[in-house]
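Please look through the sequence and the fold shown below before reading on. The report that follows takes up a set of contacts, then the sheet, and then the charged pairs.

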Amino acid sequence: MSHYEVHIDNTGEAYRCADTRTLLEGMEALARRGIPVGCRGGGCGVCKVRIETGTVRTEKMSRAHVSVAEQAAGYVLACRAYPQSDLRLCAVEKMARCIERSHARSFLDAARAAQRTSS
């Protein structure tokens, strides 16, 4: 079993992911809110991402959510993709909206807490 570093461009976060775990399972291990989870079987499209750099192995995904052309351009469903190297990915569509909103909320909460302690 190998482990790879996965960077999420949308939030600047990174996590380690074993090649036996899906990208979605690795994201969930970040243990923060905002990671959308749907069917986990490649059928709902909620966890769509674009691989910017690196390689993944994929299992069957719904063509209603990732066309052959999209897959060739690097789009995959995180629940059906396993890292094969260090990666940079960008969440898109529903996934992007969820993690970006959650990340912004976490940033604001941290800023508010820092402001309270300095007052």
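## Contacts of Ala14

Once its neighbours within four places in sequence are set aside, Ala14 is in contact with Glu5, Val6, His7 and Leu30. The model in which these contacts are found is a predicted one. Ala14 belongs to strand S2, and its relative accessibility of 31% makes it partly exposed. Ala14 and Arg88 lie 74 residues apart in sequence, while their C-alpha atoms are 8.9 Å apart in space.

## The sheet

Five strands form an open sheet, arranged in the order S2-S1-S7-S3-S5 and with mixed pairing. S2 and strand S5 (75-77) are the edge strands, each of them pairing on one side only. From one strand to the next, the twist averages 35°.

Strand S7 (residues 87-91) is largely enclosed by the rest of the structure, because 4 of its 5 residues are buried. Strand S1 (residues 3-8) pairs with S7 in the parallel sense over 3 bridges, and Val6 stands opposite Leu87 of S7. Val6 is also one of the residues in contact with Ala14. Strand S3 (residues 48-53) runs antiparallel to S7 and is joined to it by 4 bridges, with Ile51 standing opposite Leu89 of S7. S3 is likewise antiparallel to S5, to which 3 bridges join it, and there the bridge partner of Val49 is Val76 in S5.

## A salt bridge between Asp9 and Arg88

Side chains of opposite charge can pair when their charged atoms come close. The structure holds 8 salt bridges, and in one of them the side chains of Asp9 and Arg88 meet at 2.9 Å, N to O. Asp9 is placed in the loop between S1 and strand S2 (13-18), whereas Arg88 is in strand S7, so this pair ties together parts that are 79 residues apart in sequence.

How accessible are Asp9 and Arg88? Asp9 counts as partly exposed, with a relative accessibility of 36%, and Arg88 also counts as partly exposed, its value being 33%.

## Charged pairs around Lys48

Which residues are linked with Lys48 in a network of salt bridges? The network links Lys48 with Glu70 and Glu93. For the salt bridge between Glu70 and Lys48, the closest N and O atoms are 2.9 Å apart. Glu70 sits in helix H2 (residues 68-72) and Lys48 in strand S3, so their pairing ties together parts that are 22 residues apart in sequence.

Is Lys48 buried or exposed? Lys48 has a relative accessible area of 3% and is therefore buried, since the cut-off for that class is under 20%.

Terms used. Residues numbered from 1 in each chain as written. Predicted model: local features only at pLDDT ≥ 70, side-chain atom pairs only at ≥ 80, totals over all residues. Heavy atoms only, no water. Buried < 20%, exposed > 50% of the residue type's maximum accessible area, 1.4 Å probe, protein only. Helix = DSSP H or I, 4+ residues; strand = E, 2+ residues; numbered from the N terminus. Pairing = 2+ DSSP bridges. Salt bridge = Lys/Arg side-chain N within 4 Å of Asp/Glu carboxyl O. Axes fitted to C-alpha atoms, helices over the stretch in contact; angles between N-to-C directions. Contact = heavy atoms within 4.5 Å.
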